Amino acid sequence: TLKENGNDSLPLSAKQDNRTPVNDPVFVAKREPLFFLLPHKFKPSIPIKVGVSFDDIVKMNQQHISMIIPSIVTNFQKDNYALVVVAGQKRQYKNNSIFIAFSADATPTQKAKAYFHALFIAQMFVIYNNNQLAVAQVEEIVNINLDEVWDRFRATAERCGWDFDKTDLNTLGYEIEWGE
């Protein structure tokens with residue numbers, strides 16, 4: 001790369017033949033958040049708690065725990081994470097929160113997908129808030145579209161140089177181990 005005005009992002013070949021310079025994805029990722037390194041001013045529309053304990057999920061869902069256990073088990077078997085939306089007292093989306101619990105076997109890519117899943121749900125709450133859809137309806141819309149949207153996002157990010165195996169999320173540190 002070539003340093004110009006303190007900027008070392010210009011590839012030497014671009015400077016030599018007057019092509020438009022293209023920044024290296026690693027350089028861009030350090031300067032501009034692609035997705036997970038969100039600007040400090042950005043906050044998801046609802047709180048997302050990552051790496052929570054199973055106990056936290058149970059405490060926050062005491063009334064509905066028997067209904068959500070099957071989906072938690074299914075998600076753990078499929079993706080090594082469980083995502084639970086904890087509905088607030090009021091019908092407004094801002095009173096909800098999202099809890100993500102990881103299996104001890106979750107890969108960095110699966111953790112990235114879990115966070116993407118949570119952000120997707122949070123965005124859908126913003127979009128559908130005026131329609132007063134119930135939490136379960138928003139989750140259903142997201143779950144129907146999640147794999148397709150994730151696959152497109154992942155493919156695009158990988159073409160830009162993102163290595164999902166190196167994704168690291170700041171979590172609360174809990175992991176769930178399933179016994180036989």
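This is a predicted model: local features need pLDDT of at least 70, side-chain atom pairs count only at pLDDT 80 or more; totals for chains, interfaces and linings use all residues.

Q: Which way do the residues of β4 point?
A: Tyr81, Leu83 and Val85 point one way, while Ala82, Val84 and Val86 point the other way, and all are buried. In a regular strand, side chains alternate between the two faces of the sheet.

Q: How many bridges join β4 to β5, and how do the two strands run?
A: Six bridges join β4 to β5 (residues 97-103), and the two run antiparallel. Within β5, alanine 101 is the bridge partner of alanine 82.

Q: Turning to α4, which of its residues are buried?
A: Ile68, Ile72, Phe76 and Asp79 are buried in α4. Viewed down the helix axis, the buried residues fall within an arc of 95 degrees, so they line one face of α4.

Q: And what covers them?
A: The cover for the buried residues of α4 includes α3 (54-60), β4, β5, α5 (108-128) and β6 (175-176). On the other side of α4, Ser66, Met67 and Gln77 are exposed.

Q: What span should α4 have?
A: Helix α4 has 15 residues (65-79), so at 1.5 Å a residue it should span 21 Å; its end C-alpha atoms are 20 Å apart, which agrees.

Q: What follows α4?
A: Asparagine 80 follows α4, and its phi is positive, near 65 degrees.

Q: Finally, how many helices and strands does the chain have?
A: The chain has six helices and six strands, in the order β-β-α-α-β-α-α-β-β-α-α-β along the sequence.

Notes. Residues are numbered from 1 along each chain as its sequence is written. Side-chain values use heavy atoms; hydrogens and water are left out. Helices (H or I, at least four residues) and strands (E, at least two) are DSSP runs, numbered from the N terminus. Buried means under 20% relative accessible area, exposed over 50%, partly exposed in between (1.4 Å probe, protein chains only). Two strands pair if DSSP finds at least two bridges between them. The expected span of a helix is 1.5 Å times one less than its number of residues. The arc is that of the directions from the helix axis to the C-beta atoms. Contact means heavy atoms within 4.5 Å.
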